[in-house]
Amino acid sequence: MAKKWNLNYIGDAAAANKQPQLHFLLQLNQQALELLKLDEPKLGGVKVDFVEGATAHRRKFGGGRGQDIAKAIGLKHGFTPHVLDATAGLGRDAFVLAGLGCQVTLMERMPIVAALLDDGIERAKLNSEVSEIANRMTLVHASSIENMDLAQQVDVVYLDPMYPHREKSAAVKKEMRVFQSLVGEDLDADALLEPALALAKYRVVVKRPSYAPPLNNIKPSTSIKMKKNRFDVYVKRAIPKV
């Protein structure tokens, strides 16, 4: 695994105590890969889990095709698009879209995040409840700014770049705290919109916090507003009528 993702292999978790320069640790725990923030051990490990927890609850009770994300990507009877999630992260939205029947290509540039995501998808493929969904997900480890066109025949490009949180750090979810300290903000996120618009056949959808300006300050065709976030939709052409 270390070889595959070009990461340093130190042996076991105990070896980290002898390497004070380390801030993060990837470890296998009961066959699942998880990320630990070494200076905040109480946070516990962050892993990609498409089988249980919040993801399972959303799959069962999230509202199906009535969800805002489904409306934003234009999902409707007779139109189930191929979606490129160009900022895949922990893959939660990608899994929702795959659960609604979409083929989803996930692009993630950070090797540590890609490793977590790859591990989560492969474990999900072994679970009878979600294997069909996981098999609709394809991971590409690359920077979408330079390599977005590695994805072929994309109907919709979905973007959810990291944005600085307003809440105090204690209020931010565990995953976000670990991620923000590991990944930082996506300072180059504005550069995603142009290649996304060039690639998408029908539309680009950008998830933004409600207080954030539109990506690259380009006004969307329409927005779907939620309590804390919104989906900015950039329409290139109408979704075909069936």
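Accessible areas here come from the Shrake-Rupley method with a 1.4 Å probe. On that basis the protein exposes about 13,100 Å² of surface, and carbon and sulfur atoms own 50% of this. The model is predicted.

**Overall build**

The protein contains nine helices and nine strands. Its C-alpha trace spans about 60 × 40 × 35 Å along the principal axes. The radius of gyration is 18 Å, which agrees with the value near 18 Å for a compact globule of 242 residues. Buried residues account for 45% of the 242. Take the contacts between residues at least 6 apart in sequence: 64% of them join residues at least 24 apart. Charged side chains number 34 positive and 27 negative. The centres of these two sets lie 6 Å apart.

Strand 6 covers residues 156-159. Val 156 and Tyr 158 point one way, while Val 157 and Leu 159 point the other way. In a regular strand the side chains alternate between the two faces of the sheet. Each of these four residues in strand 6 is buried.

Strand 6 pairs with strand 3 and with strand 7. The table sets out both pairings.

| Partner of strand 6 | Residues of partner | Sense | Bridges |
|---|---|---|---|
| Strand 3 | 82-85 | parallel | three |
| Strand 7 | 203-209 | parallel | four |

Val 156 takes part on both sides. Val 83 stands opposite Val 156, and in strand 7 the bridge partner of Val 156 is Arg 203.

**Helix 4**

Is helix 4 enclosed or open? Six of its eight residues, within the run 92-99, are buried, so helix 4 is largely enclosed by the rest of the structure. The buried residues are Asp 93, Ala 94, Phe 95, Val 96, Leu 97 and Ala 98. After helix 4 comes Gly 101, with a positive phi near 105°.

**Met 110**

Met 110 sits in the loop between strand 4 (103-108) and helix 5 (111-125). How exposed is Met 110? Its relative accessible area is 22%, so Met 110 counts as partly exposed; the cut-off for buried is under 20%. Leaving aside residues up to four places away in sequence, Met 110 touches His 141, Leu 182 and Val 183. Leu 7 lies 103 residues from Met 110 along the chain, and the C-alpha atoms of the two are separated by 11 Å.

How values were computed:
Residues are numbered from 1 along each chain as its sequence is written. This is a predicted model: local features need pLDDT of at least 70, side-chain atom pairs count only at pLDDT 80 or more; totals for chains, interfaces and linings use all residues. Side-chain values use heavy atoms; hydrogens and water are left out. Buried means under 20% relative accessible area, exposed over 50%, partly exposed in between (1.4 Å probe, protein chains only). Helices (H or I, at least four residues) and strands (E, at least two) are DSSP runs, numbered from the N terminus. Two strands pair if DSSP finds at least two bridges between them. The radius of gyration is taken over C-alpha atoms; the globule rule is 2.2 Å times the number of residues to the power 0.38. Contact means heavy atoms within 4.5 Å. Lys and Arg count as positive and Asp and Glu as negative; His and the chain ends are not counted. The place of a charge is taken as NZ of Lys, CZ of Arg, CG of Asp or CD of Glu.
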